[in-house]
Amino acid sequence: MEDTSRIPLRVYCKNCNTPAGFDILRQSYRCPGCGELTGIAEAGRSARNWCRLNRQNTRERNEGTEYRECVCPSCGAVVAFPEGDASRKCLYCGTALIRPELLDPARLPEIIIPFFITESEARERMRSWAEKNRKKAEARDVLAAIDILTGCYVPYQLVRGPVSGTVFRDGGYRQYQCYGYLEGIAVSTSKNLDNLVLNEMEPFDWSQAKPFDYGIISGHRVQLMDLSEADTDKRIREEVREDFLPEIERVLQTSGVDVTVATGDLMVLNALLPVYIIRQGNLLAVMNGQTGRIAVSGTRTSISYPWVIEPLIYTTVLTLALGCFFGFNPELVVYGGMVFGAIIFAIMGDGKKSLIRNVVLRTEAAKARREGRRLRIDEEKDILRNPYDNSPVFRDLNENGDLVPVSISFYGSSRILKLMLNSLFIIFLPVILAAPLRLMVMESHESFMSDFHMEYGAAWYVLAAMVVLVYLLKAGRVTVYDHPVLHELMPDGSKRRIRNSGKGQCGFFSMFMNENGESRLKLFLKGDPKMGCFVIGLILFILLGSTVTIVFGGE
């Protein structure tokens, strides 16, 4: 017999009744005490059975209670309130409501979190926040509309289940795969409210969730779920993407990523959660009716260019170095900076995009409490931290072709050493070629360095410096992200290097390869043979000329 007093927001060990956490490597819930495993399907069956029993109990407890469903003819919002409620206007647009039928029992929520903050307390807190942020346009709009702040139970779905993401890094062509298991994720199912703004006023304190009862919503406005299943799934994927982004950006070392999320077999619980709302024009201001956290959005957007900062730093450093070497000759510094900038930005900006995001103002995470009758709200980062780890884990193929959990890195001592040695080899290639030639022609009484003039290879050094710059940027800061070093994550917590991962990216000729593995040099020669031969001939002429000059230039 299921215990309907225990809300299925957690999975409990069937052996010792301890809350179990999800082990993403084993793809199963694992008890931290006795180690007992509970499968995803088994946990889902238990939760679905709880929902069935709870719906039945709710209908039995509330037989005869008159609640009506009201559909706004203007904006389409679906609002439920008890018989006798004085409200006759739509919460969102003010239009008179239509009340055609009783609330459908099949759409009842399973759980609810009651309001903890009163409407007068919410209005005062919202006004106080707006006064402190009066310089911002959104805060001034809040002050102008503070009188229309209204409390409402908003429909949500609590999501549990497997999700996956396909990730591309800006400027790269490698496809990364990441997987996760969601718990404690709440997604609004109201089409009139922006879920991403609502997400900024979370988290809720799930320990205070209760089985749904009509008595809890008595006297309150209630909006019912009015999103289609497809739109709800889209919102879930959008929220998963936002939750995945911090970890993906950390691993791939940039905010310039493109993430596409797919959901698996999800278990959902319908819930009603307390929200205070101000909505006027483009303004949406919300307050968590349990914790007091505020989130406000207007029309402002932010545009960022995450790929600009790094090439700008490189250009500045190289320009300053050039200036130091030549005594900061203004003309030389300007022209040198333009050349460096053109090369660096062309390489590092290829395929990169700007990021456009809506500006959402918010307070810190909050937790409301009472000292007697007085409301106190504590604000602190992670004060109501989600006890579940929803971070994604990357997966890739091992040597056997199996898809396994992996950790990803891009730089190691051997990779950095190879980049440095290749760079030195390119720069000092005429010196390397000249050394055996010098040994062949030198007299027995001469010292090796007596007539070995390394400085005479200046023509090659200038050319090689630009080539090395392109090589380091292309191989070391662009294509490196398409050739990660992978370590398989083993069930016992250890890591094992996947052979051959990260190979083929640091070679000198890698900078001449396109995303299809074809040689750009070969394509260039095929497309314009005369120009290709001329360029190759010129490079060989400078190389051989520098080599000969190093050996015979002093004679």
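Me: Why is Gln253 called partly exposed?
Reply: The relative accessible area of Gln253 is 42%, and since buried means under 20% relative accessible area, exposed over 50% and partly exposed in between (1.4 Å probe, protein chains only), Gln253 is partly exposed. This is a predicted model, in which local features need pLDDT of at least 70 and side-chain atom pairs count only at pLDDT 80 or more, while totals for chains, interfaces and linings use all residues. Residues are numbered from 1 along each chain as its sequence is written, and side-chain values use heavy atoms, with hydrogens and water left out.

Me: What else marks Gln253, and where does Gln253 lie?
Reply: Gln253 has a positive phi of about 60° although it is not a glycine, and its place is the loop between α6 (229-252) and β13 (257-263), where helices (H or I, at least four residues) and strands (E, at least two) are DSSP runs, numbered from the N terminus.

Me: What makes Thr291 buried?
Reply: Thr291 has a relative accessibility of 2%, and therefore counts as buried. Thr291 sits in the loop between β15 (283-288) and β16 (294-304), and, leaving aside residues up to four places away in sequence, it touches Ile117, Met201, Pro203, Ala366, Lys367, Ala368, Ile377 and Leu384, a contact being heavy atoms within 4.5 Å. One of these partners, Pro203, is in the loop between α4 (195-199) and β11 (210-211) and is joined to Glu202 by a cis peptide bond, with omega of about 10°.

Me: Which residues show that Gln223 makes a polar contact, and at what distance?
Reply: The side chains of Gln223 and Ser190 are joined at 2.7 Å, and a polar contact is a pair of N or O atoms within 3.5 Å (within protein, one must be able to donate a hydrogen and the other to accept it, and residues adjacent in sequence count only if both atoms are side-chain atoms). Gln223 belongs to strand β12 (residues 221-223) and, with a relative accessible area of 0%, is buried.

Me: Why are α7 and α8 called roughly antiparallel?
Reply: The axes of helix α7 (residues 309-325) and helix α8 (residues 330-348) cross at roughly 150° and come within 9 Å; axes are lines fitted to C-alpha atoms, for helices over the stretch in contact, and angles run from 0 to 180 degrees between N-to-C directions. Angles under 35 degrees count as roughly parallel, over 145 as roughly antiparallel, 65 to 115 as roughly perpendicular and the rest as oblique, so α7 and α8 are roughly antiparallel to each other. Among the residues that make the contact are Leu318 and Leu322 of α7 together with Phe340 and Ile344 of α8.

Me: How many residues of each class meet where α9 contacts α10?
Reply: Phe425, Ile426 and Ile427 in α9 meet Leu429, Pro430 and Ile432 in α10, and the contact has six nonpolar, no polar and no charged residues, where Ala, Val, Leu, Ile, Met, Phe, Trp, Tyr, Cys and Pro count as nonpolar, Asp, Glu, Lys and Arg as charged, and the others, Gly among them, as polar. The axes of helix α9 (residues 413-427) and helix α10 (residues 429-441) come within 4 Å and cross at roughly 65°.

Me: What makes Tyr173 partly exposed?
Reply: Tyr173, in the loop between β9 (150-169) and β10 (175-188), has 40% relative accessibility and so counts as partly exposed. Tyr173 and Asp482 are 309 residues apart in sequence, yet 6.7 Å apart in space, C-alpha to C-alpha.
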